[in-house]
Amino acid sequence: MPQQDVHRCQCPDCLDPAHDPDQDLHRQMNLLLSRLDEQQRRWYAAVESAKHGHGGDRFVSLITGLHVDTIRRGREELAESLEDRPADRVRIPGSGRPAVEKKSL
């Protein structure tokens, strides 16, 4: 898995030139997210969003750079208890690009 660049937080606290304690936390969150796979990023962002309550999806989106719908999808997956998610795969079987043989038919 290629390493991703670390996203720079776009929340008002981090854009302010004065140092805010949340800047370090947001930097650490983005560093962690850069090391996770796509489903783990969704789930982590969903957990952080739930901590903030109303408006949490939009706020976490500013911090992480993830789309609001991606965070919402993570919350839905966590609400389903991840029962249908394979533990040894990042994607559900059948998702992703179609095989070349199927594509050319």
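This is a working chat about a predicted model of one protein.

Me: How much of it is buried?

Reply: Of its 105 residues, 30% count as buried. The protein exposes about 7,500 Å². Carbon and sulfur atoms supply 51% of that area.

Me: And the contacts, what share comes from residues 24 or more positions apart?

Reply: Such pairs make up 57% of the contacts with a separation of 6 or more.

Me: Salt bridges next. How many?

Reply: The count is six salt bridges.

Me: Which residue does Glu77 pair with?

Reply: Arg42. Their side chains meet in a salt bridge at 3.2 Å, N to O. The pair links distant parts of the chain, with Glu77 in helix 5 and Arg42 in helix 3. They sit 35 residues apart. Helix 3 covers residues 38–52.

Me: Are those two buried or exposed?

Reply: Both Glu77 and Arg42 are buried.

Me: What about Glu48, what does it bridge to?

Reply: Glu48 forms a salt bridge with Lys51. The closest N and O atoms are 3.1 Å apart. Both residues lie in helix 3, three residues apart. That is about one turn of the helix.

Me: Is Glu48 buried or exposed?

Reply: Buried, with a relative accessible area of 10%. Lys51 counts as exposed, because its relative accessibility is 61% and the cut-off for exposed is over 50%.

Me: Now Arg75. Which residue is its salt-bridge partner?

Reply: Asp57, with the closest N and O atoms 2.6 Å apart. This pair also links distant parts of the chain: Arg75 is in helix 5, and Asp57 is in helix 4, residues 56–64. The separation is 18 residues.

Me: How accessible are Arg75 and Asp57?

Reply: Arg75 has 34% relative accessibility, so it counts as partly exposed. Asp57 has a relative accessible area of 10%, so it is buried.

Me: Which residues are linked in a network with Asp57?

Reply: Asp69, Arg72 and Arg75 are linked with Asp57 in a network of salt bridges. Arg72 is in helix 5. At 35% relative accessibility, Arg72 counts as partly exposed.

Me: Where does Ser49 sit?

Reply: Ser49 is in helix 3. It is buried, with a relative accessible area of 2%.

Me: What is Ser49 in contact with, leaving aside neighbours within four places in sequence?

Reply: Gly56, Asp57, Val60, Ile71 and Arg75. So Asp57 and Arg75, the bridged pair, are both on the contact list of a residue that is buried at 2%.

Me: How far is Ser49 from Arg75, C-alpha to C-alpha?

Reply: The separation is 8.5 Å, for residues 26 apart along the chain. For Arg72 and Ser49 the C-alpha separation is 8.9 Å, at 23 residues apart along the chain.

Me: Switching to Ser61. Which helix?

Reply: Helix 4. At 17% relative accessibility Ser61 counts as buried, because the cut-off for buried is under 20%. Leaving aside neighbours within four places in sequence, Ser61 is in contact with Leu66, His67, Val68 and Ile71. Ile71 is on the Ser49 list too.

Me: And Leu25, where is that?

Reply: Leu25 lies in helix 2, residues 21–33. It counts as partly exposed at 44% relative accessibility. Leu25 and Ile63 are 38 residues apart in sequence. Their C-alpha atoms are 10.0 Å apart in space.

Me: Back to charge. Which residues form the negative surface patch?

Reply: Glu76, Glu80, Glu83 and Asp84.

Me: Where is Asp84 in the fold?

Reply: Asp84 is in the loop between helix 5 (68–79) and helix 6 (100–103).

Technical notes. Residues numbered from 1 in each chain as written. Predicted model: local features only at pLDDT ≥ 70, side-chain atom pairs only at ≥ 80, totals over all residues. Heavy atoms only, no water. Patch = residues over 30% accessible without salt bridge, like charges linked within 9 Å, V, L, I, M, F, W, Y side chains within 5 Å. Areas by Shrake-Rupley, 256 points an atom, 1.4 Å probe, with all protein chains shown as cover. Salt bridge = Lys/Arg side-chain N within 4 Å of Asp/Glu carboxyl O. Lys, Arg positive; Asp, Glu negative; His and termini not counted. Charge placed at Lys NZ, Arg CZ, Asp CG, Glu CD. Helix = DSSP H or I, 4+ residues; strand = E, 2+ residues; numbered from the N terminus. Buried < 20%, exposed > 50% of the residue type's maximum accessible area, 1.4 Å probe, protein only. Contact = heavy atoms within 4.5 Å.
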